[in-house]
Amino acid sequence: MQELIINILFGVIILMAAGLLLWGCRGKSGMMKKQKKTLGRILLATVYLLVLQLLPEWVYDAADALMPGAGYWMRLLLYLADYLIIGYDILIKAFKGIKNRQIFDESFLMAIATVGAIALALYGKSGDYTEAIAVMLFYQIGEWFQGYAVGKSRRNISELMDIRPDYANIERDGKLERVDPDAVAIGSTILVQPGEKVPIDGVVIEGVSSLNTAALTGESLPRDIQAGDAITSGCINMTGLLKIRTTKEFGESTVSKILDLVENASSRKSKSENFISKFARVYTPAVCIAALALALLPPLVRMLALGMPASWNIWIYRALTFLVISCPCALVISIPLSFFAGIGGASKEGVLVKGSNYLETLSQTKIVVFDKTGTLTQGVFEVNGIHHNAMENEKLLGLAALVESSSSHPISKSLQRAYGKEIDRSRVTDIQELGGKGIVAKVDGLSVAAGNDKLMDLLGIPYIRCHSVGTIIHMAIDGKYAGHIVISDVLKPRAKEAMTALKATGIQKTIMLTGDADNVAQQVAKELGIDQVYSQLLPADKVEKVEALLHSKPEKAKLAFVGDGINDAPVLRRADIGIAMGAMGSDAAIEAADVVLMDDDPMKIAKAIRISRKCLRIVYQNIVFAIGVKLVCLLLGALGIANMWLAIFADVGVMVIAVLNAIRALFVKNL
Amino acid sequence: MKKTYAIEVDCANCANKMEAAAQKTPGVKDATVNFMALKMHVDFEEGQDPKSVMQQVRANCKKVEDDCEIYI
């Protein structure tokens, strides 16, 4: 029965190896030459072994009949040849290991285990060499699978981040010329045709088009762009020809920075990774020592103390089983692979995580602190209402825009934007700017005053206070009150949803910090459902506040700070984990933050946390599963229940399952 | 001074061994091996010549894992 199962197993391996080899030869599989060679060896060795298995007993008997003892040697040589086909490189590596005094080298341990098994078979005259060959065979299959999976995910992730531009188009003598983006100086003019990637950051000087920013932000909606707009490298130009004046060198451009960041992300190792490498350093020697003890102690005790036969062969066999289990590779590979896949999957969604350690911290986040302006709100001021006006909205707004036309204050800008028409500055005369109060000017001969309460007090004009939250601009025409305009910052469309999503992921507390007035802050917090608000903070106060919060929270609950990254750099650094939002193109944010959200969407915060949780869940599953199975096998091996077959199956099986599980971290689209 | 080198190695545990070997090399303040990106980041001690230190790092890595390469 056991023979039959083993033979069927070999048959399956032959079919799979042959299929993979055929597929590998088609070229698109991405298999390396070395992998194809190993696959070929696995196929050859298995076919050979199956033939040997099926060879009827009378062949050896016939050899024995010709010459006594010949059958025994013939069997040994036939099997030994197969052993060498599948294991010669391991034996060579083991030999080199001995030369370099690396006794815990896994090739060396595998070699001892298999050579030992053959020696036991010789000594016991059982002629069962299949076991040693099978151990070698499955070990090679495991190594092959691991190499292939790692290579494949490496390629997958670099394809995900396939934003590296290969060239830039420069117009020279009326002809387009492709040059290395590295060779393009700041201030040069480059052309980007439809379908090409924007190679360098710059400003559009000619052309109208839509951009596909999916590779950077994960956002699938195209973004419209026209002359005068800033353009970020890494986007794909979709519809029209664009002429761009570069504002940065290639090395300083967004695309280079992002690639650099993602490629180096997994170098910052997480606690789990450090734990596993330390564990591996102890595990292998410990199991080897245990194997040695198992081989020596029980037989000696039996012989000397109990007066029983020593049965060396049983205990040596069990010790050899230990050596097969001592290889830590399944454990060691699956953890960095999980983090690598998690970081890759996140970057596909427009969430850049700067290191495995940050992914780990992110998953433990319990408190999220927000900056208000630019993070939860758009950071652009808009006219939100016009009240108590004596004339049509349009006309009042027009007057306000005219009066403020010479000012570059954000408020003036938003008035002009809200008016939306060309401003004829020649209509405005006698402009008087009263710092901190407002502006008085003459428009078409009419005296117009636009400003805050203080300006109205100064002019002695009675005004109506406003109940709305925001900046109020009172208007007076010819000394008569003409109503007021409310200007306020607008909430991001998905900010409220984002807060609900955060609560749903188990965030315990949301806190908002702002430099704004208290009533503005309170209103925003209420609207979004934020738990705690600290208002009227100077930038330095924000750092202090975050430090105080860090002190008062429990050790295990991590605190994340989310800011727009432009003026929040010190706070981003101070928090357990700093998340910069809308950072596409902002160098300061990419430098200071640990996690960078490429687009402006606050929903991505909850998503980033869910991605990190999934990744860490996979990491813990793999750790527990791999260590658990190894320990069970060691126990069963010591008791003699598990033989070498089971040991190698457990080893390779755990690795395959752990690697497949690790790759799951890549799929984060629907989180 | 920090530098990054491309490496070639087959298994994750071997990468960890290389990391340990590199860290123990004189002149190296700290070293990390990123198995997934196949890169080695080395932080050299003050006044060390990276080229000669890296020769030693490569020799030490070859000792623990014969089948590896560091592109200096």
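Helix 13 (residues 393–403) of chain A is largely enclosed by the rest of the structure, because 8 of its 11 residues are buried. Buried means that 20 or more other C-beta atoms lie within 10 Å of the residue's own; exposed means 12 or fewer, partly exposed lies in between, and C-beta atoms are placed from the backbone. This is a predicted model, in which local features need pLDDT of at least 70, side-chain atom pairs count only at pLDDT 80 or more, and totals for chains, interfaces and linings use all residues. Residues are numbered from 1 along each chain as its sequence is written, while chains are lettered from A and ligands numbered from 1 in the order in which they are written. Helices (H or I, at least four residues) and strands (E, at least two) are DSSP runs, numbered from the N terminus.

- The buried residues of helix 13 of chain A include Leu396(A), Leu397(A), Gly398(A) and Leu399(A).
- Ala400(A), Ala401(A), Leu402(A) and Val403(A) are also buried in helix 13 of chain A.
- Val51(A) sits in helix 2 (residues 33–54) of chain A.
- Val51(A) counts as exposed because it has 12 C-beta neighbours inside 10 Å.
- A C-alpha separation of 9.6 Å lies between Val51(A) and Asn7(A), which are 44 residues apart along the chain.

**The seven-stranded sheet of chain A**

- An open sheet of 7 strands in chain A has the order 10-22-21-20-11-18-19, with mixed pairing. Two strands pair if DSSP finds at least two bridges between them.
- Strand 10 (351–353) and strand 19 (532–534) of chain A stand at the edges, each with a single partner strand, so one side of each is left without a neighbour in the sheet.
- On average, neighbouring strands of this sheet are turned by 20 degrees against each other, direction ignored. Axes are lines fitted to C-alpha atoms, for helices over the stretch in contact, and angles run from 0 to 180 degrees between N-to-C directions.
- Helix 12 (residues 356–363) of chain A lies across strands 10, 11, 20, 21 and 22 (595–597) of chain A, at about 95 degrees to strand 21.
- Helix 21 (residues 603–639) of chain A lies across strand 10, strand 11, strand 20, strand 21 and strand 22 of chain A, at about 50 degrees to strand 10.

**Strand 20 of chain A**

- Strand 20 (residues 558–563) of chain A is largely enclosed by the rest of the structure, because 6 of its 6 residues are buried.
- Lys558(A), Ala560(A) and Val562(A) point one way from strand 20 of chain A; Leu559(A), Phe561(A) and Gly563(A) point the other way.
- Strand 20 of chain A pairs in the parallel sense with strand 11 (residues 365–371) over 5 bridges. Phe561(A) is the bridge partner of Val369(A).
- Strand 20 of chain A also runs parallel to strand 21 (residues 577–580), with 4 bridges joining them. Here Gly563(A) stands opposite Ala580(A).

**Nonpolar cores**

- The largest nonpolar core has 180 residues; Ile133(A), Val135(A), Val369(A), Phe561(A), Ile579(A), Val595(A) and Met18(B) touch the most other members. Such a core is a set of buried Ala, Val, Leu, Ile, Met, Phe, Trp, Tyr and Cys residues joined through C-beta atoms within 7 Å.
- Helix 6 (residues 130–160) of chain A gives the most to this core, with 13 residues.
- Another core, of 29 residues, lies apart from it and includes Phe381(A), Ala450(A), Tyr463(A) and Ile485(A).

- Chain B has 2 helices and 4 strands, in the pattern β-α-β-β-α-β along the sequence.
- Of the 72 residues of chain B, 44% count as buried.
- The C-alpha atoms of chain B fill a box of roughly 35 × 20 × 15 Å along the principal axes.
- The contact takes 16 residues from chain B and 21 residues from chain A. Residues are in contact if their C-beta atoms, placed from the backbone, lie within 7 Å.
- Helix 1 (12–24), strand 2 (28–34), strand 3 (39–44) and helix 2 (50–64) of chain B each give two or more residues to the side that touches chain A.
- Helix 1 of chain B gives the most to that side, with 3 residues.

Definitions and conventions
Contact = placed C-beta atoms within 7 Å.
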